[in-house]
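Thanks for coming, everyone. Let me put the structure up, and then we can walk through it.

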Amino acid sequence: MNSIDHIAIVVDDPKKAAEWYCLEYGAKPVYSDSTWAIVQFNNIKLAFVIETQHPPHIAFEDKEL
């Protein structure tokens with residue numbers, strides 16, 4: 001069975017976006033560098049990407065693999 005692992009959205013500054021979501025919504029930081037960052041909510045992760053390095057996307061986790 002597949003489930004959504006994360007949703008990636010394009011932002012100007014991934015680190016700042018991740019920090020804001022952690023501060024405003026209580027998300028937990030998972031990873032951050034200059035081209036992308038990811039935060040964890042209770043049921044999903046949200047990734048912040050820059051347009052020139054990573055596309056906006058939805059990523060699925062295949063639990064059968």
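First, the ground rules. This is a predicted model, where local features need pLDDT of at least 70, side-chain atom pairs count only at pLDDT 80 or more, and totals for chains, interfaces and linings use all residues. Residues are numbered from 1 along each chain as its sequence is written, and side-chain values use heavy atoms, with hydrogens and water left out.

Now the helix, α1. Helices here are DSSP runs of H or I, at least four residues; strands are runs of E, at least two; both are numbered from the N terminus. α1 covers residues 14-25. Does its length agree with expectation, or disagree? The expected span is 1.5 Å times one less than the number of residues. For the 12 residues of α1 that gives 16 Å, and the end C-alpha atoms are 16 Å apart, so the two agree.

Look at the ends. At the N-terminal end, Asp 13 is the cap: one of its side-chain oxygens lies 3.2 Å from the backbone nitrogen of Lys 15. That is a polar contact, meaning N or O atoms within 3.5 Å, one able to donate a hydrogen and the other to accept it; residues adjacent in sequence count only if both atoms are side-chain atoms. After α1 comes Gly 26, with a positive phi near 75°.

Which residues of α1 are buried? Pro 14, Ala 17 and Ala 18 are. Buried means under 20% relative accessible area, exposed over 50%, and partly exposed in between, with a 1.4 Å probe and protein chains only. The buried residues pack against β3 and β4. The face turned away carries exposed Lys 16, Glu 19 and Leu 23.

On to the core. A nonpolar core is a set of buried Ala, Val, Leu, Ile, Met, Phe, Trp, Tyr and Cys residues joined through side-chain atoms within 4.5 Å. The largest one has eight residues: Val 11, Ala 17, Ala 18, Ala 27, Ala 37, Val 39, Leu 46 and Phe 48. At least two residues each come from α1, β3 and β4. Take Leu 46. Beyond neighbours within four places in sequence, its contacts (heavy atoms within 4.5 Å) are Ile 7, Tyr 21, Ala 37, Ile 38, Val 39 and Phe 41.

Next, the rings. Rings of Phe, Tyr and Trp (its six-membered ring) pair if their centres lie within 6.5 Å; planes under 30 degrees apart are stacked, over 60 edge-to-face, and the rest tilted. The whole structure holds six aromatic pairs. Trp 20 and Tyr 21 are edge-to-face, 5.2 Å between centres and 80° between planes. Tyr 21 and Tyr 25 sit 5.5 Å apart with planes at 35°, so that pair is tilted. These two tyrosines are four residues apart, about one turn of α1. Tyr 21 is partly exposed at 23%, while Tyr 25 is exposed at 52%. Ring pairs link Trp 20, Tyr 21, Tyr 25, Phe 41 and Phe 48 into a cluster.

Last, two single residues. Thr 35 sits in the loop between β2 and β3. Buried or exposed? Thr 35 is buried, at 17%. Glu 64, in the segment after β5, is exposed at 66%.
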